[in-house]
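Please keep the sequence and the structure in view while reading.

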Amino acid sequence: MKKKLHPYSINRPVDRRSFLKGGLLAGGAAMGAGLLANAPFARAQAQTQKSGPLNAGDIAILRFLAAAELIESDLWTQYAELGGIGNLPPIEIDPNEPLNPYQVALSNLDPDGPQYIASNALDEVSHATFLNAYLESRGAEPVNFDEFVTLPGSTAQGSTGASRLTNLMNLNVDTSWYIRYRSATNPDLGATFPQALTLNGVTAIPRTDADYEGKSNPNFPGNDHIQAIANVAAFHFGYIEQGGSSLYATMSQKVTDPEVLEITLGIGGDEIAHFLEWVDFSGNGVQAPVAPFADPISGLKFPNFFNPLNPLVQPSLIFPVPVEFKPNLPRVSIIRPLTDKFAGAVATVKSFTADGLFIGQSPKFLSLLQTMAVEADSAVRSGQ
Ligand SMILES: [Fe+2]
Ligand SMILES: [Fe+2]
């Protein structure tokens, strides 16, 4: 049985008195440091001070990241309710319950896939909850999107039927990341990449129980229709997590406070951990025994990317292929993009909007998110 627990309903005990006390003590420490004649020592003191107020740029960065994590939490919770398995709160599923056809299809990509989905959802909820609690601990306003959790969700078996912040049932999944990470050209230097697959106007989750039905396939358990939906989800997982990986790396370059940098590097590393798994997972949907196959209901086709062999789509090339960084330097294996223009907060909102995540959302939500994104991108690292 799945336990219904919305990620935004988590109560965070907040002791405001302890924050006030911490802030006053920190202020005193900073003032004392300022009186010292030894300027480098004073700077070191200021940089290790961790409980005072944050500058406006760091607050804007953390608030946008909290917003992005609420978005991730919402979409991953939808995936976990329908396709996840395991007993990781807030996802609690009886291991003896038979798998639904979506879970079977995801298991065809990796038998551990449903567990990974539940774990990814758990991680995102922890990111969102932590960032909001951290903002409050540093005297800043947390992000709350409760009023925007209004979109109708899936009614298929497994879904709690709760309202959602994001849409997963009508997406344009950008699959160019799959080729970008197998290419030696760098998006930050202007390189562009074609789509690995055309996935427009598609659902990444079963919308109703009817999506569990389809033509059976001799090559894998289940049917072509739900397998195509699981394959869309696999490429969407990779799309979301490559975005998170680049966003954190880009935002980290603007952070001033050492503890905020510790947090953005730490969470950003977890986004990269997610991304790597979904690179491998999505590649399993475009090779034997699952591919090639076509879903006659949706019309989606998934070729075998090993046949013919093409390094730009080769499923087993799961690590970032070394890429140009500067013309006079050797190629290097890195995540990319790493610049505001392609991976900043505004770019992330633009990409999520094009993906279809916000179809049905109110203009108020979109304008609030855009404002937060502009503020985050405007942050500049200071005090160096
Ligand atoms: Fe996250
Ligand atoms: Fe993530």
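## Loop, helices and core

In this predicted model, P289 is placed in the loop that runs between α8 (258–283) and β5 (293–294). The peptide bond that joins A288 to P289 is cis, with an omega of about 5°. P292 also lies in the loop between α8 and β5, and a cis peptide bond, again with omega about 5°, joins A291 and P292.

As for the chain overall, the protein chain contains 11 helices and six strands. Of its 384 residues, 45% are buried. Among contacts with a separation of 6 or more, 73% are between residues 24 or more positions apart.

The largest nonpolar core has 93 residues, and F64 and I229 are those with the most contacts inside it. Helix α3 supplies the largest share of this core, 16 residues. When its neighbours within four places in sequence are left aside, I229 is in contact with Y102, A105, T203, A204, I205, P206 and D211.

| Helix pair | Axes come within | Crossing angle, roughly |
|---|---|---|
| α5 and α8 | 11 Å | 160° |
| α10 and α11 | 7 Å | 150° |

Consider the pair α5 and α8. The axes cross at roughly 160°, and α5 and α8 are therefore roughly antiparallel to each other, since angles over 145 degrees count as such. The crossing of α5 and α8 is left-handed. On the α5 side the residues that meet α8 are G113, Y116, N120, D123, H127 and Y134, and on the α8 side they are I263, I267, D270, H274, E277 and F281. By class, this contact of α5 with α8 has five nonpolar, four polar and three charged residues.

G113 lies in helix α5, which covers residues 113–137. Leaving aside neighbours within four places in sequence, G113 is in contact with L106, S107 and F281, and F281 is also one of the α8 residues that meet α5. G113 and A234 are 121 residues apart in sequence, yet their C-alpha atoms are 9.6 Å apart in space.

The other pair is α10 and α11, whose axes cross at roughly 150°. That angle makes α10 roughly antiparallel to α11, because the cut-off is over 145 degrees. From α10 the contact is made by A345, V346, T348 and V349, and from α11 by L369, Q370, A373, V374, A376 and D377. The residues of the contact of α10 with α11 divide into seven nonpolar, two polar and one charged.

Helix α10 itself, residues 345–355, has A345, A347, T348, V349, F352 and D355 as its buried residues. These buried residues pack against several elements, namely α3 (56–83), β3 (171–173), α7 (224–252), α9 (340–343) and α11 (363–378). After α10 comes G356, whose phi is positive, near 100°.

Methods:
Residues are numbered from 1 along each chain as its sequence is written. Chains are lettered from A and ligands numbered from 1 in the order in which they are written. This is a predicted model: local features need pLDDT of at least 70, side-chain atom pairs count only at pLDDT 80 or more; totals for chains, interfaces and linings use all residues. Helices (H or I, at least four residues) and strands (E, at least two) are DSSP runs, numbered from the N terminus. Two residues are in contact if their C-beta atoms, placed from the backbone, lie within 7 Å. A residue is buried if 20 or more other C-beta atoms lie within 10 Å of its own, exposed if 12 or fewer, and partly exposed in between; C-beta atoms are placed from the backbone. A nonpolar core is a set of buried Ala, Val, Leu, Ile, Met, Phe, Trp, Tyr and Cys residues joined through C-beta atoms within 7 Å. Axes are lines fitted to C-alpha atoms, for helices over the stretch in contact, and angles run from 0 to 180 degrees between N-to-C directions. Angles under 35 degrees count as roughly parallel, over 145 as roughly antiparallel, 65 to 115 as roughly perpendicular and the rest as oblique. A crossing is left-handed if the near helix is turned anticlockwise from the far one by less than a right angle, and right-handed if clockwise. Ala, Val, Leu, Ile, Met, Phe, Trp, Tyr, Cys and Pro count as nonpolar, Asp, Glu, Lys and Arg as charged, and the others, Gly among them, as polar.
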